[in-house]
Amino acid sequence: MPNFPRHQIMSLTAEQPRYELGESYGPDLRLADLLTPELADLELGYGTAAGDARLRSAIAERHGVRADQVVVTVGGMHGIFLLAYLLAGEVVTTAPEFPMTRSAFETVGASVRVVPVGFDDGYRVTAEAVRAQLTSETKLVSLATPQNPSGVAVPMAVLREILAAMQVICPDAYLMVDETYRTASYGDEPVAETAVGLGSRVVVVASLSKCHGAAGLRVGWVVSTDDSLIERLVPAKFGTVVSASPVCEALAVRVFAEETAILSHRRTWLEENLLITQDWVQANDALVEWVRPSAGALCVVRLKAGVDLGRFKRAAAEIGVRLADGDWFGDEPRVFRLGFGYLPAAELKVALDALREALVAAR
């Protein structure tokens, strides 16, 4: 009987440490940031299966597609689950990866073939490695860019090479690209282009949770230019949740209306915190090393050989420092996800000082 596994990553939503370095997003928006008088007149009925028309239009505009090529989901994970369910069969994906994504594939009974990436190769996904895992039975290739936990992006040229290989080996398969962190760039660095324009065999998923600070709205989306896939997704969404919350969808429309200001503020915040983290890693290079992320509020650090892993975990727990364990994602035990975007800069510096204290105690 299928079960949803209980992952340790659930602790991020259940416990609040003194120094939070485990989260993967920036500061939360507040309801007051989005409320308008018009929302008071909102009727609390059912929404539509495909999603609020204004919201779909806003998402479509940002992806260069038609509004009817967008399906609103209850967070990005809902979209991933629906795709895993509809495209059940052999899946090619990476390890490490966000554990809920892997669970979605396993829960629907998919056969999973793994493309390993890791710290020593900078979490670089290559077309050759993906091609080596493709078979004629492959139904879905699942990639995230930027990745979670590393924050490293997959270049568009590599995605094109992967699609070319799929057209030869498994022409009916889809390439699902999780773009959850795509718009969380640093300062004036350019935002990566969406992959949906690569063709009808590409489907992208994302949400308002990470880049926009609106995880509590539980609004995500699936975008595809394959109209037949959209036609399957809409009844699948209805069959699982009927509709998303009209209140949340209306608030999501407000997020998009204020998106320029919201993302501008967050990109400045992320840039400052990224530089603080970079300086901290350089100052403590006898204890840790890192891979610089491409975008997002997260990165990975690895303990140097002189740091005892067990003593470090005990010291971090005693001091109240939380990182996200690498093995939550299928990474090596000495790797941890460090979320640098959640805390204000001054608090991040204090938390990193506490992290250094735990590292020193483990030498």
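Visitor: How many bridges join β12 to strand β13 (residues 335-339)?

Guide: In this predicted model, local features need pLDDT of at least 70, side-chain atom pairs count only at pLDDT 80 or more, and totals for chains, interfaces and linings use all residues. Residues are numbered from 1 along each chain as its sequence is written, and side-chain values use heavy atoms, with hydrogens and water left out. Strands are DSSP runs (E, at least two residues), numbered from the N terminus, and two of them pair if DSSP finds at least two bridges between them. β12 and β13 run antiparallel, with Asp325 opposite Phe336 in β13, and the number of bridges joining these antiparallel strands is two.

Visitor: Why is strand β6 (residues 174-178) largely enclosed by the rest of the structure?

Guide: Both faces of β6 are covered, Tyr174, Met176 and Asp178 lying on one side and Leu175 and Val177 on the other. Buried means under 20% relative accessible area, against over 50% for exposed and partly exposed in between, with a 1.4 Å probe and protein chains only. β6 is largely enclosed because, of its five residues, the number buried is five.

Visitor: Which residue of β6 is the bridge partner of Val141?

Guide: Strand β5 (residues 138-144) pairs with β6 in the parallel sense over five bridges. Within β6, the partner of Val141 is Leu175.

Notes
Helices (H or I, at least four residues) and strands (E, at least two) are DSSP runs, numbered from the N terminus.
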